[in-house]
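Please keep the model open while you read this note. Find each element in the viewer before you move to the next point.

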Amino acid sequence: MPGDSKSRAIHSLKSWLFTPASRADRFGRAAEVGADALIIDLEDSVAPSGKRKARDAALQYLELGGANRLPCALRINSPGTRAGIDDLHSLLDSSAAPDYIILPKCDSPGFIRMARSLLDEVAKKTEIIALIESAGGVEALPDIVKSNVKPAALLFGAADMAADLGAKTAWQTLSFVRSRLVQVAALAGIVVLDSPFFDIGDGDGLKREARAAQDLGFHGKCAIHPKQISTINEVFTPSAEEVAKAREILAVNRKGVGSVDHQMVDAAIARKAMLILDRAGLPLD
């Protein structure tokens, strides 16, 4: 939780495992399979009739704390719905303080400012992740990231986005939205996380999509099944060779003009090397 010695910076969290709040027995599974973060979901994976019981289970788990726990995010229902308002009220009235709260259907900076104000009122350090999953959300991206209250990250919601656009969930059909998210997140200096890959039986497809997301500039990717975590970690973790080359580039750059593997080292190349070490969770020297 925020303030714990074990907590990690959000840019170093590569794999995020969605777990239904109605399945409290599975909350510990994220750590067992090597996920970097747990997302407890109160929204899509919980039936309307089970919202209250699931909410109580999630908050009870989050109230327990514990220095060895994974970073936790709580996805509430949209603040524009009664269930979302109930989620917020219950969170604010409890002692639970998740590391992150995910706001669905984030179509304006208004929801983010409201949530931040309420969290501050009860002295919760929980950070906000904006879930961008509609055409309106894409349109509002500049306002969201330029607001005086910025989210800690943008999370892409491919399924709802595809439904809103009348498109397929395939990478190609949604690539322009992903590119827009990455560009806007880079402009604001915040993290951007990719949607889950929904075919849990297609390991090769997951690997291709994860690599495409990593190549595009995403910091990490969400998962809907524990068996997807190892692939996401593999793709988003810089290899030993990449780390070694990044260190060599930075060493050359400190001396001035030079080259590594017959490639000129300039400021842009050095920045990329710094990013590799940063995402590997390693110091720059």
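The points below go through selected helices, strands and a surface patch.

1. Ground rules. This is a predicted model: local features need pLDDT of at least 70, side-chain atom pairs count only at pLDDT 80 or more, and totals for chains, interfaces and linings use all residues. Residues are numbered from 1 along each chain as its sequence is written, and side-chain values use heavy atoms, with hydrogens and water left out.

2. Helix α10. Helices (H or I, at least four residues) and strands (E, at least two) are DSSP runs, numbered from the N terminus. Helix α10 spans residues 229-236, and six of its eight residues are buried. Buried means under 20% relative accessible area, exposed means over 50%, and partly exposed is in between (1.4 Å probe, protein chains only). The buried residues are I229, T231, I232, N233, V235 and F236. They pack against β1 (15-20), α9 (203-216) and β8 (220-223). Contact here means heavy atoms within 4.5 Å.

3. Helix α7. In α7 (residues 158-165), the buried residues are A158, M161 and A162. Why do they sit on the same side of α7? They cover an arc of only 100 degrees around the axis. That arc is taken from the directions from the helix axis to the C-beta atoms. Their cover includes β5 (127-132), α5 (135-139), β6 (153-156) and α8 (171-188). Just after α7, G166 has a positive phi of about 70 degrees.

4. Strand β4. In a regular strand the side chains alternate between the two faces of the sheet. Strand β4 (residues 100-103) is covered on both faces. Y100 and I102 are buried on one side, I101 and L103 on the other. Strand β3 (residues 72-75) pairs with β4 in the parallel sense, over three bridges. Two strands pair if DSSP finds at least two bridges between them. R75 has I102 of β4 as its bridge partner.

5. D194. Is D194 buried or exposed? D194 is buried, because its relative accessible area is 0%. This residue lies in strand β7. Leaving out residues up to four places away in sequence, D194 touches L155, F156, W171, R178, E209, A213, F218, G220, K221 and C222.

6. Surface patch. F198, I200 and I224 form a nonpolar patch on the surface, with about 240 Å² of accessible area together. Accessible areas come from the Shrake-Rupley method with a 1.4 Å probe. F198 is in the loop between β7 (191-194) and α9. F198 counts as partly exposed because its relative accessibility is 40%. Like charges are joined within 9 Å, nonpolar side chains (Val, Leu, Ile, Met, Phe, Trp, Tyr) within 5 Å.

How values were computed. Patches are made of residues with over 30% relative accessible area and no salt bridge: like charges are joined within 9 Å, nonpolar side chains (Val, Leu, Ile, Met, Phe, Trp, Tyr) within 5 Å. A salt bridge is a side-chain nitrogen of Lys or Arg within 4 Å of a carboxyl oxygen of Asp or Glu.
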